[in-house]
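Work through the exercises below with the model open. Each task is followed by its solution.

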Amino acid sequence: MVRRLDGREQGRGELEGSVGSEAAVSGAAGPVGQGGPVGGQAVVAGVAGGEEAVAGGEAVGAGSAVGGGAVVGGLVAPVGGGAVVGGLVAPVGGGAVVSGPVAGAGGAEAVAGVAGLVGGEAVVAGGGAAGPAGGGAVVGGGGVVVGGGSGVGGGGCPFVLDVLGRDVQGEAAVLRGRGAVSRVVLPGGVGAWVVTDAGVMRGLLTDGRVSKDAYRHWPAWRRGEVSGSWPLAVWVSVENLVTSYGVEHRRLRGLMASAFTARRVALLGPRVEEIAGGLLDGVEEAAGRAAGGVVDVRELFALPLPGRVMLELFGIPEEFRGPLREIIDGFFDTAVSSGEAQRNYRALYSTMGELVAFKRRCPGEDLTSALIAAGGGGAAADGAGGSGGSEGTGGSGGVDGSEGVGGGGLSEKELVDNLIMLLSAGCEPTVNLLGNAVALLLGDPGQLELVRSGRVSWGDVVEEAVRVEAPGANAILRYAVEDVRVGETVIERGDALVMSFAAAGRDPGVHGPDAGVFDVTRGTRREHLSFGHGVHYCLGAPLARLEAEIALRALFGRFPRMRAAFRPGELPRTESFISNGPRVLPVVPGPAAAAV
């Protein structure tokens, strides 16, 4: 088993695990930038029993050992053996996970020979001559794919994103310090560029040379180097508005836009208020029963409210709601195993197929029925839609090669995939927005007083909360349709990109040196990219804003003396590097305000 680093900065982590069996490192503990070759020219493959095994270069110098482990690239290996190279941790016993260039074609053989099998995998991640082919190599029997053009190729060592998202903002700050764009490694070892600079991001989001269509513009997906077994495959295998490009995107957006017109969203306001009021009744009752009056306002309020709004908007029957909630939760779990991801994928398409079949039999005045009508019929949904658990290969069309019905409607797969997109995007980000806003306000009573006094609006609160804590921390994936130059860096055709909205929201070049501070009076609070920008700007942003304003006004109006039952900065976060919000939100609501 290989455990990863969470990518935190020096001095913030501690050595974890057991000596002599397995150990893991949480954070960087040791002299950053020392002990280990610059530029990856020499790679330590392991430290076992005090003897160093070296692949492709010189041994790490004296003074770089910490507790018997080797410090490589500023990261520290576990006590008793193993090496950490480029943000990955090898277990005790001499195994190694190597990131960065490996000298010569024999580098892969050297790694395989020294590392042996690391939990069944020997992994090379990085550009340069990574194995016989150099770039896009898989070493040791199906470890990590570094695919897609240059992937994480080039000089320097890529940053391995923490799959659990334990410190999204700390990680974003580190990445921002590495430049406007830099190389990262995603779960499963997939290489990409991450964009952190708000100005660069704004430009790329409107650049026709950047696509979201993996089937047309991600060679690693088309060639099967990244397959349907990748834990995050569902994010790229679906064929919907979010993953479309060019003419297809314009066609789908035209069909989807009717779901979120200003008029339709405004008409939802009274129903959102009703749902919020009913949920707050439940909060009040739960607080009356709870020891110390402590309740989890995320579980009782922030989580169910967006879900109920979306389920009613799409006419989802009660029997589908539980399974869909579980599936959506799994959709945003970036630490999920390949097997779990595949099971969730199959359940997703099976449930959505049953839902579409039900709505065909029993149409109503809802958006699901409207989308079915837009599709003009079509065959029953195939539970093996998308990559279907097979290789994520294909041409410019979908896996099933289907076209839109009549050239302008929705194919069956597009219908299902767009429903998946609308339901998931309409729930999880708004849950995070509400949770973040409540935590930020309770953590700074002065900010709450500003809105209570009327000096700022609830809309101001929503914008600043979305800016400082982007509900979607990292957006995956986009692809370079052709070479794109960013400063001195060239993102080569076919390379994958991640947009770090978390980093852009705290860009000091836009928001000043205190960009990480929650300030509802900030003049740049609306100058964020958290809802996207350009042709892929979030269709549901007006609804998310409406829900959040109504919910926050209702919550703090019902419980004017509500206080936090947590310390600022200590709330456990969602275990995801995509979804960004508190996992729990314990509060003491206090007495409810008298009914008016």
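**Exercise 1.** Find what covers the buried residues of helix α8.

Solution. Start with the buried set (under 20% relative accessible area, 1.4 Å probe, protein chains only). In α8 it includes V265, L268, V272, I275 and L279. Next, look for contacts (heavy atoms within 4.5 Å). The cover includes β17 (295-296), α9 (297-302), α10 (304-313) and α19 (541-558). Helices here are DSSP runs of H or I, at least four residues, and strands are runs of E, at least two, numbered from the N terminus.

This is a predicted model: local features need pLDDT of at least 70, side-chain atom pairs need 80 or more, and totals for chains, interfaces and linings use all residues. Residues are numbered from 1 along each chain as its sequence is written, and side-chain values use heavy atoms, without hydrogens or water.

**Exercise 2.** Is E547 buried or exposed, and what does E547 touch?

Solution. Locate E547 in helix α19. Its relative accessibility is 1%, so E547 counts as buried. Leaving out residues up to four places away in sequence, E547 touches V272, L305, P306, V309 and T430. V272 is itself among the buried residues of α8.

Technical notes
Buried means under 20% relative accessible area, exposed over 50%, partly exposed in between (1.4 Å probe, protein chains only).
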